[in-house]
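Dear colleague,

Please find below the structure that I am handing over to you. My notes on it follow directly after.

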Amino acid sequence: MSGGGNSWAVVLLVVAIPAMAGSKTDYVEFGNGSRLVGELKYLDRGKLNFKTDTTDTIALDWADIQRVVTKQRLRILERDGTFHYGSLEPPTVARTLLIAVGTERVQLDLDEIVDIDPIESTIWERLDLDVYAGYSFTKSTEVEQWNVGAKADYETDTRSRTLMLSVDSTASSDVESSVRSALGYQTMRLREDRWATGWLMGVESNDALALDYRVTGAFGGGPRFYPSADQRIRTFMGLQINNEKFGGSEAQSSIEGIVGGSIDWYRFRDPDIDLSTTAYIMPSLTDSGRLRGSLDLSLNWEFIKDFSWQISIYDDYDNAAETDQSSNSGTNDYGITTSIGWSP
């Protein structure tokens with residue numbers, strides 16, 4: 001029995017070693033000729049996420065890399081919006097990718113690459129999650145603030161999905177407490193001509209605007225721009241259905257235009273900085289003179305691995321919001337919050 005058990009152990013070991021080795025055959029090469037062997041995860045915003053047995057998943061500066069080789073089938077996006085699908089063979093020229101698609105070979109400059117995703121990734125590997133929370137109290141004014149939120153990004157071969165949640169609360173002894181909450185979801189289809197089309201939906205409430213609730217759904221699209229590997233601009237234009245209820249009023253529905261987008265900038269140098277701005281203008285098409293707008297800006301600074309300090313600025317405008325001095329509500333609500341974020 002003992003000998004049989006040892007035989008099975010040897011067989012399992014012989015089978016397992018090639019399997020484990022096969023899953024870690026990717027490598028990246030740096031300017032000094034050194035190599036890092038492991039598993040390519042993805043490239044996004046100037047960071048190449050790469051997993052090794054000794055370091056787990058680490059973020060590498062795309063500007064420091066000379067070559068990338070992998071047998072995985074990848075989706076590769078250029079700055080001009082062109083997609084390529086294939087594995088990466090060793091290139092003969094530094095700072096280039098050599099994409100193998102069947103018998104064809106395509107060589108690209110690394111500076112022109114803005115996004116890389118393995119097509120065979122699992123759901124969890126495709127998911128990018130950020131969670132943050134913050135609290136502050138000022139004794140002199142007795143103002144208490146807290147905020148929590150989360151953002152999840154999930155991408156497949158041709159689609160990009162984002163789910164966002166945020167809750168901000170302000171309270172003091174002089175002014176009635178105010179809570180702003182928002183839940184949003186968007187799904188976009190990525191196209192070869194740099195255009196993305198899809199739909200957005202959102203649910204929100206805001207005491208400062210005397211808004212009990214607002215439910216919106218929008219459809220449209222717009223072009224994407226990549227000025228560099230660490231910058232991206234996404235635009236959106238379309239139509240939106242709005243159902244809302246203000247305090248003291250009945251619920252009403254309207255149709256709006258929606259124009260806006262997001263600008264992201266990332267610097268992968270000490271300190272790591274991630275700046276994101278999203279802005280939309282929404283003129284009503286059925287309620288003459290009605291205009292709404294929103295602005296969200298967040299700055300993240302990673303001070304230790306997976307943890308970052310975040311400062312956020314938001315501004316919500318609605319020229320039809322009810323003004324109530326007793327509840328400190330009006331047509332405009334803005335605020336600044338700080339928090340600690342975690343991104344696994």
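The paragraphs below set out what was found.

This is a predicted model, in which local features need pLDDT of at least 70 and side-chain atom pairs count only at pLDDT 80 or more, while totals for chains, interfaces and linings use all residues. Residues are numbered from 1 along each chain as its sequence is written, and side-chain values use heavy atoms, with hydrogens and water left out.

The barrel. Twelve strands close into a barrel with antiparallel pairing, in the order β10-β11-β12-β13-β14-β15-β16-β17-β18-β19-β20-β21. From one strand to the next the twist averages 20°. Strands here are DSSP runs of E of at least two residues, numbered from the N terminus, and two strands pair if DSSP finds at least two bridges between them. Strand β11 (residues 143-155) pairs with strand β12 (residues 159-172) in the antiparallel sense over 13 bridges. Ala150 stands opposite Leu165 in β12.

Asp264. This residue is found in strand β17 (residues 252-267). Asp264 counts as buried, at 10% relative accessibility (buried means under 20% relative accessible area, exposed over 50% and partly exposed in between, with a 1.4 Å probe and protein chains only). Its side chain makes a polar contact with the side chain of Ser276 at 3.1 Å (a pair of N or O atoms within 3.5 Å; within protein, one must be able to donate a hydrogen and the other to accept it, and residues adjacent in sequence count only if both atoms are side-chain atoms). Leaving aside neighbours within four places in sequence, Asp264 is in contact (heavy atoms within 4.5 Å) with residues including Arg45, Asp230 and Arg232.

Aromatic rings. The count comes to two aromatic pairs, where rings of Phe, Tyr and Trp (its six-membered ring) pair if their centres lie within 6.5 Å; planes under 30 degrees apart count as stacked, over 60 as edge-to-face and the rest as tilted. The rings of Tyr185 and Trp199 have centres 5.5 Å apart and planes at 55°, so this pair is tilted. Because Tyr185 lies in strand β13 (residues 178-190) and Trp199 in strand β14 (residues 195-206), the pair ties together parts that are 14 residues apart in sequence. Tyr185 is partly exposed, with a relative accessible area of 24%, and Trp199 is partly exposed at 38%.

Charges over rings. The charged end of Arg180 sits over the ring of Tyr314, 4.0 Å from its centre (NZ of Lys or CZ of Arg within 6 Å of the ring centre and within 35 degrees of the ring normal). Arg35 lies over the face of Tyr27, at 4.1 Å from the ring centre.

Yours sincerely

Definitions and conventions: Helices (H or I, at least four residues) and strands (E, at least two) are DSSP runs, numbered from the N terminus. Axes are lines fitted to C-alpha atoms, for helices over the stretch in contact, and angles run from 0 to 180 degrees between N-to-C directions.
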